[in-house]
Amino acid sequence: TIEDTTPPVIADGMDMTVECDGAGNAAELQAWLDGNAGSDASDLCGDVVWTNDAGTMSDECGETGEMTVTFTATDDCGNTAETTATFTIEDTTEPSIDAPATDETVECDGAGNAAELQAWLDIQGGAEASDACGDITWSDDYTALSDDCGETGEVTVTFTATDDCGNTAETTATFF
């Protein structure tokens with residue numbers, strides 16, 4: 001009687017970390033899965049068939065996440081060997097400032113030009129930003145206008161675009 005009770009010999013799978021592309025990194029994930037996380041298996045008595053238990057990515061910041069996958073090599077006699085590896089999508093890229101903030105000069109209205117200043121702050125001085133991996137939240141460091149002559153003044157404001165993963169980009173402009 002010849003029997004096969006020995007599982008395939010399997011190499012450890014390799015974890016993979018990729019930069020977020022905003023579309024789930026589908027091609028990279030599929031290539032990693034198709035390549036069995038870089039693992040290799042062999043069996044003295046027959047062929048090896050691969051399977052895995054890939055599910056859904058965890059939901060981290062923006063379009064990032066991770067998935068731990070068990071890859072199983074099964075020989076012709078049903079003996080199995082397993083290796084586990086993790087596919088991670090991370091976002092380490094700052095948002096892109098697509099249009100920088102611009103200076104704004106207004107004629108003194110005798111009351112501090114509060115409405116014009118607030119409107120300028122509300123649109124981040126005209127700045128626009130984008131991020132491939134998530135949404136943008138704006139903040140600024142405005143405190144107060146300087147006290148020049150009469151009701152005049154100025155302030156230089158840094159507008160900060162922050163993505164869902166905490167990466168930031170800045171643009172600065174002055175309101176006169």
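"Buried" here means under 20% relative accessible area. Keep that cut-off in mind for these close-ups, which come from a predicted model.

**View 1. The whole chain, for orientation.**
The protein has 2 helices and 11 strands. Going along the sequence, the pattern reads β-β-α-β-β-β-β-β-α-β-β-β-β. Its radius of gyration is 28 Å, well over the 16 Å that the globule rule gives for 176 residues, so the protein is more spread out than a compact globule. The C-alpha trace covers about 105 × 20 × 20 Å along the principal axes. Buried residues account for 34% of the 176 residues. If you take contacts between residues at least 6 apart in sequence, 60% of them join residues at least 24 apart.

**View 2. Helix α2 and its buried residues.**
Helix α2 runs over residues 114–122, and Leu117, Trp120 and Leu121 are buried in it. Looking down the axis of α2, the buried residues fall within an arc of 100°, so they line one face of the helix. What do the buried residues of α2 pack against? Their packing partners are β9 (136–140), β10 (155–163) and β11 (168–175). Past the helix comes Gln124, which has a positive phi, near 55°.

As background, strands of a sheet pair through backbone hydrogen bonds, either parallel or antiparallel.

β10 and β11 pair in the antiparallel sense, over 8 bridges. To get your bearings, find Thr160, whose bridge partner in β11 is Glu170.

A pair of aromatic rings is described by the distance of the centres and the angle of the planes. With rings counted as a pair when their centres lie within 6.5 Å, there are 4 aromatic pairs. One of them joins Trp120 and Phe159 edge-to-face, at 5.3 Å centre to centre and 75° between the planes. This pair links distant parts of the chain, with Trp120 in helix α2 and Phe159 in strand β10, 39 residues apart. Trp120 and Phe159 are both buried. Which kind of pair do Trp120 and Phe175 make? Their ring centres are 5.6 Å apart and the planes sit at 45°, so the pair is tilted. This one also links distant parts of the chain: Trp120 is in helix α2 and Phe175 in strand β11, 55 residues apart.

**View 3. A separate look at an aromatic cluster.**
Trp32, Phe71 and Phe87 form a cluster, linked by ring pairs.

Key:
Residues are numbered from 1 along each chain as its sequence is written. This is a predicted model: local features need pLDDT of at least 70, side-chain atom pairs count only at pLDDT 80 or more; totals for chains, interfaces and linings use all residues. Side-chain values use heavy atoms; hydrogens and water are left out. Buried means under 20% relative accessible area, exposed over 50%, partly exposed in between (1.4 Å probe, protein chains only). Helices (H or I, at least four residues) and strands (E, at least two) are DSSP runs, numbered from the N terminus. The arc is that of the directions from the helix axis to the C-beta atoms. Contact means heavy atoms within 4.5 Å. Two strands pair if DSSP finds at least two bridges between them. Rings of Phe, Tyr and Trp (its six-membered ring) pair if their centres lie within 6.5 Å; planes under 30 degrees apart count as stacked, over 60 as edge-to-face and the rest as tilted. The radius of gyration is taken over C-alpha atoms; the globule rule is 2.2 Å times the number of residues to the power 0.38.
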